[in-house]
Amino acid sequence: MDAGLEKVIAAETVLSEVDGKNGHLVIRGYTVEDLAQTETFEGVIHLLWSGFFENLPAVKDLRARLGEARVTAFEKLAPHFGALNHDTEMENLRTALSFTQDGHSLNTAISALAAAAVCTAARARMAVQRAPLAPDARKSHAEDLLAMASGTRPTPEQSRALDAYLVTVAEHGLNASTFAARIAASTRAGLISSVIAGMSALKGPLHGGAPGPILDMLDAIGSIDHAEAWISEALERGERLMGFGHRVYQVRDPRADALKRAMRRLPRSAGRLSLAEGIETGILKKLAKEKPDRKLDTNVEYYTAVLLEALGVRRQSFTCVFACARIAGWIAHAQEQISSHRIVRPSALYIGPAAQRAADRSNH
Ligand code: ACO
């Protein structure tokens, strides 16, 4: 029995290799650092989906189809925006995806990406009492997502930074949400169902829900001078420090630095990079001292929080923006799982009582 499944290999994949010992992430033969600096999100969708859809168009045409799909998604979702009033934005996003017709086609896959971006942006506007804005099919996915969410035209540096973020987090091996997506796919449930399964797992604070609380932590610490005392008290209360530790990486998560690099391309006035770096140093020092048996280092979520804040994304929307990117990976994994022709069905070790007479239950 292996409760966390860490020693279980449950799939073969051509999509990515997560080398936790050395801190490398290779996505279909390219390092994440390389992709983050040179590729667009549309280029990475193409990279991930190649070989999984027969009719996959070239990157330029894929970008155009994604743009058109955003316009269609906006028309379809607009009548329902008012009903999206759950407590968290991930619940709203999950509900919005349910309005999308399920299926196994490339169109369904593109619709999932489009619906997620449109809903995330619309909800960001509604949260500040503004009307949702229609997409512009000519823009890149990253630029349009920022423009729809903020109501202003993003600078090329801002669009490029969000693009680098979407590229960096699009795919990451058999993490909890990808496994959930693959399980749904293995039953032939459809791509939208697989994406919703992935979203449901991503939502939790130990997975994709970490970046919002990371900003809460930066706010609570306030300045580097207060960091040491605050960190000690949090650890004494038995709290986990969000943005640190990873199931696979025993060293620094390479995506943390890819995002830091993207952040450095923004004007120095954007965000709180130097505060975050100072607090990170304090936390790493303290974790090494307090948890010597477990190597805990910075994970992707720490600089996700800092970068998305600098781009003006509301912290309540961070996990949704993560999902907007990871849908590309979930869909590739869903297609790969389907092609393995095997339903995922592990076993459980029964530790309950032995069989008894059901009639005796009437006394209860
Ligand atoms: N802060 C303080 N202590 C920690 C942290 C942390 N961030 N992470 C792990 N530990 C400690 C725990 O105290 C644990 O000891 P315990 O069992 O006595 O409580 C010990 O290290 C081992 O922890 P595990 O739970 O075995 O580590 P695991 O590999 O299962 O968990 C996880 C990984 C969930 C990411 C964990 O490190 C964590 O909770 N981190 C904070 C949340 C976070 O940043 N999540 C985002 C991850 S990246 C992503 O999902 C995209």
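1. Start with Gly 151. Leaving out residues up to four places away in sequence, Gly 151 touches Arg 125, Leu 133 and Leu 146. Bear in mind from here on that this is a predicted model. You'll find Gly 151 in the loop between α6 and α7 (156–169). Gly 151 follows α6 and has a positive phi, near 80°. With a relative accessible area of 41%, Gly 151 is partly exposed. Arg 130 is worth a look too: Gly 151 and Arg 130 are 21 residues apart in sequence, and their C-alpha atoms are 9.0 Å apart in space.

2. Now step back into α6 itself. How many of the ten residues of α6 are buried? Eight of them are, so the helix is largely enclosed by the rest of the structure. The buried ones in α6 are His 141, Ala 142, Glu 143, Asp 144, Leu 145, Leu 146, Ala 147 and Met 148. Leu 146 has already come up, as one of the residues that Gly 151 touches. As for what surrounds the helix, the buried residues of α6 pack against α2 (41–49), α3 (59–77), α5, α7 and α15 (318–339).

3. Is Asp 136 buried or exposed? Its relative accessibility is 18%, and buried means under 20%, so Asp 136 counts as buried. Not counting residues up to four places away in sequence, Asp 136 touches Arg 70 and Asp 144. Asp 144 is also one of the buried residues of α6.

4. Next, the ligand site. There are 20 residues around the ligand, and those that come nearest are His 207, Leu 241, Gly 243, Phe 244 and Arg 294. A side-chain N or O atom of His 207 is 2.8 Å from an oxygen atom of the ligand. For Gly 243, a polar backbone atom lies 2.8 Å from a ligand oxygen. Arg 247 has an N or O atom in its side chain that is 2.8 Å from an oxygen atom of the ligand. As for cover, the ligand on its own has 900 Å² of accessible area, and the protein covers 75% of that.

5. The structure holds four aromatic pairs. In one of them, the ring centres of Phe 244 and Tyr 302 are 5.0 Å apart and the planes are at 55°, so the pair is tilted. Phe 244 belongs to the loop between α11 (224–236) and α12 (254–264), while Tyr 302 is in helix α14 (residues 300–310), so the pair ties together parts that are 58 residues apart in sequence. Both Phe 244 and Tyr 302 are buried.

6. Ser 193 is another spot to check, in helix α9 (residues 191–202). The relative accessibility of Ser 193 is 28%, so this residue counts as partly exposed. Setting aside neighbours within four places in sequence, which residues is Ser 193 in contact with? They are Asp 102 and Ala 184. With Asp 102 there is a polar contact, side chain to side chain, at 2.5 Å. To place Ser 193 relative to Gly 243 from point 4: the two are 50 residues apart in sequence and 29 Å apart in space, C-alpha to C-alpha.

7. Last, the strands. Three of them make an open sheet in the order β1-β2-β3, with antiparallel pairing. β1 and β3 (30–31) stand at the edges with a single partner strand each, so one side of each has no neighbour in the sheet. Strand β1 (residues 16–19) and strand β2 (residues 24–27) pair over four bridges, in the antiparallel sense. Look for Val 18, whose bridge partner in β2 is Leu 25, and for Glu 17, which stands opposite Val 26 in β2. The hairpin of β1 and β2 has four residues between the strands, and Gly 23 takes a positive phi there, near 75°. Gly 151, back in point 1, likewise has a positive phi.

Note on methods: Residues numbered from 1 in each chain as written. Predicted model: local features only at pLDDT ≥ 70, side-chain atom pairs only at ≥ 80, totals over all residues. Heavy atoms only, no water. Pairing = 2+ DSSP bridges. Helix = DSSP H or I, 4+ residues; strand = E, 2+ residues; numbered from the N terminus. Buried < 20%, exposed > 50% of the residue type's maximum accessible area, 1.4 Å probe, protein only. Contact = heavy atoms within 4.5 Å. Near = heavy atom within 4 Å. Polar contact = N/O pair within 3.5 Å; in protein donor to acceptor, adjacent residues only side chain to side chain. Areas by Shrake-Rupley, 256 points an atom, 1.4 Å probe, with all protein chains shown as cover. Phe/Tyr/Trp six-rings, centres within 6.5 Å; stacked < 30°, edge-to-face > 60°.
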